[in-house]
Amino acid sequence: MTEPTTSAGRAGTHRSAAATATQSASDDQPAITFDRVGVRYGRGKNTTDALVDFSLRVTRGETIALLGPSGSGKTTALKVLAGFVRPTSGRVRLSGRDITDLPPAKRGIGVVVQSYALFPHMRVRDNVAYGLKARRMRKGDIATRVAEALSMVSMSDYADRLPRELSGGQQQRVAIARALAIRPDVLLLDEPLAALDAQLRQSMITELQGLRDALPDTTMLYVTHDQAEALALADRVAVMRDARLVDIDTAPALWSRPPTGFTAAFLGGANLIPVTIGRVSGRTALVSAGERMLTVLAPEPRTRWAPGAAALVCVRPHDVVVTDLGATGSTRAVVRSAVWRGPVTRLSLAIDGLPDQLLEADVPGRSDHRVDAVVGVRLPENAGVLVDAGDTSGATGSPT
Ligand code: ADP
Ligand code: MG
């Protein structure tokens, strides 16, 4: 997917508006622009295309999650912006200013990586002060900035410790404080929670939400392979696959109307049922899945859904209704597996008339369905949403 690559139209409008507005040119520009960026690693036969025609614009203050499986090019995109990797083609801009050729230190970007990357022999205070000393800031000002940054991540009491005297979560907070100390306009985070255990990750998500809200003018690019982090933190989620940006939208839009099967599956727990489109009317479509007819949502534009064409229907497991065998409107199914997950039990069901597919269904609580039990299954009207037929391979690696 390629976003419009020039801002000629907007710039033109801006110029005519400039007479009446006192706004500076850069305020009108996206905080971050990737303009058809390509990155190819290696030479000769051993080359990898890590980014292909990657275009993205991020508004000032916005938080974008770059979400995708391992190897999809997320870190490369972040490194291009930070200046650690030179793009093979394309340009990157900050507030409209081309920074493609600028050294990393001159970009004023804060970067946080998965492995913390703290200096082991330096106390917390000096780690956080590092970027400020490099900028030759006055000592008194440095102390103020360090205190402010440590307080933002609730680490004020740990200023005199060495990194090895801190837990993983605390080290990551210090790394965030170090990135914040330079008061960056743009903060890049590369899987900052990946090294932490599940429970700590959850509380750190809450803290990062607080940080995001406390810094409304800071633009953030948050790289993750974890859909839960992306949904929790991002204003918009950019889904990456095989060096390309495949979909971008707000998290709720991607969740409820995934444009591609890949995104539906990668955001977690999607049944993708092959169907043939019948009649489309208004916001819904009548489709056939095997011998069953289903009424499903048909996202705009309606021209995507031609009668007779193949498509997928995305149904979330919690929308599948499991009933007794023979209940009105239900189809016979056999339980293939039942896994209790705490709040729900995830059933895998083999449906009569859909021989090649297992349907996943979440039933509340700890269900007493046994493997090989015969049940009824029903999809409520509009529980499914049409998705373009297409290749979804590689999307199942994400936690659901
Ligand atoms: P992600 O962060 O999504 O896991 P990366 O951006 O790290 O993906 O990598 C994208 C692709 O580029 C992968 O195939 C990876 O193996 C390759 N790659 C990354 N860094 C290098 C490098 N320095 N040299 C060669 N190939 C690389
Ligand atoms: Mg990475």
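Helices (H or I, at least four residues) and strands (E, at least two) are DSSP runs, numbered from the N terminus. Keep that in mind for the element names below.

This is a predicted model, in which local features need pLDDT of at least 70, side-chain atom pairs count only at pLDDT 80 or more, and totals for chains, interfaces and linings use all residues. Residues are numbered from 1 along each chain as its sequence is written, chains are lettered from A and ligands numbered from 1 in the order in which they are written, and side-chain values use heavy atoms, with hydrogens and water left out.

**Stop 1: the domains**

Select 30-253 for domain 1, then 270-387 for domain 2. These bounds come from an automatic or database domain assignment.

Now select 32-267. An unreviewed UniProt entry annotates this stretch as "domain: ABC transporter". UniProt positions follow the numbering used here, feature names are shortened, and annotations may be inferred rather than shown by experiment. The stretch is 36% helix and 27% strand. Its end C-alpha atoms sit 25 Å apart.

**Stop 2: ligand 1**

Select ligand 1 and show the residues near it (a heavy atom within 4 Å). Among them are Tyr41, Thr48, Ala50, Pro69 and Lys74. Two elements, β2 (48-58) and α2 (74-82), each supply at least two residues of this shell. The most comes from α2, with three residues.

Next, show polar contacts (here, pairs of N or O atoms within 3.5 Å). A polar backbone atom of Gly71 is 2.7 Å from an oxygen atom of ligand 1. For a backbone N or O atom of Gly73, the distance to a ligand 1 oxygen is 3.0 Å. The side chain of Thr75 places an N or O atom 2.8 Å from a ligand 1 oxygen. On its own, ligand 1 has 560 Å² of accessible area, and the protein covers 58% of that. Such areas come from the Shrake-Rupley method with a 1.4 Å probe.

**Stop 3: Glu191**

Go to the loop between β7 (186-190) and α6 (198-214), and pick Glu191. Is Glu191 buried or exposed? Glu191 is buried, at a relative accessible area of 10%. Buried means under 20%, exposed over 50%, and partly exposed in between (1.4 Å probe, protein chains only).

Show its contacts (heavy atoms within 4.5 Å). Beyond neighbours within four places in sequence, Glu191 meets Lys74, Gln114, Val223, Thr224 and His225. Lys74 also belongs to the ligand 1 surroundings.

**Stop 4: Asp352**

Finish in the loop between β17 (344-351) and β18 (358-364), at Asp352. Its relative accessibility is 40%, so Asp352 counts as partly exposed. Leaving out residues up to four places away in sequence, Asp352 touches Thr331 and Arg332.

Key:
A polar contact is a pair of N or O atoms within 3.5 Å; within protein, one must be able to donate a hydrogen and the other to accept it, and residues adjacent in sequence count only if both atoms are side-chain atoms.
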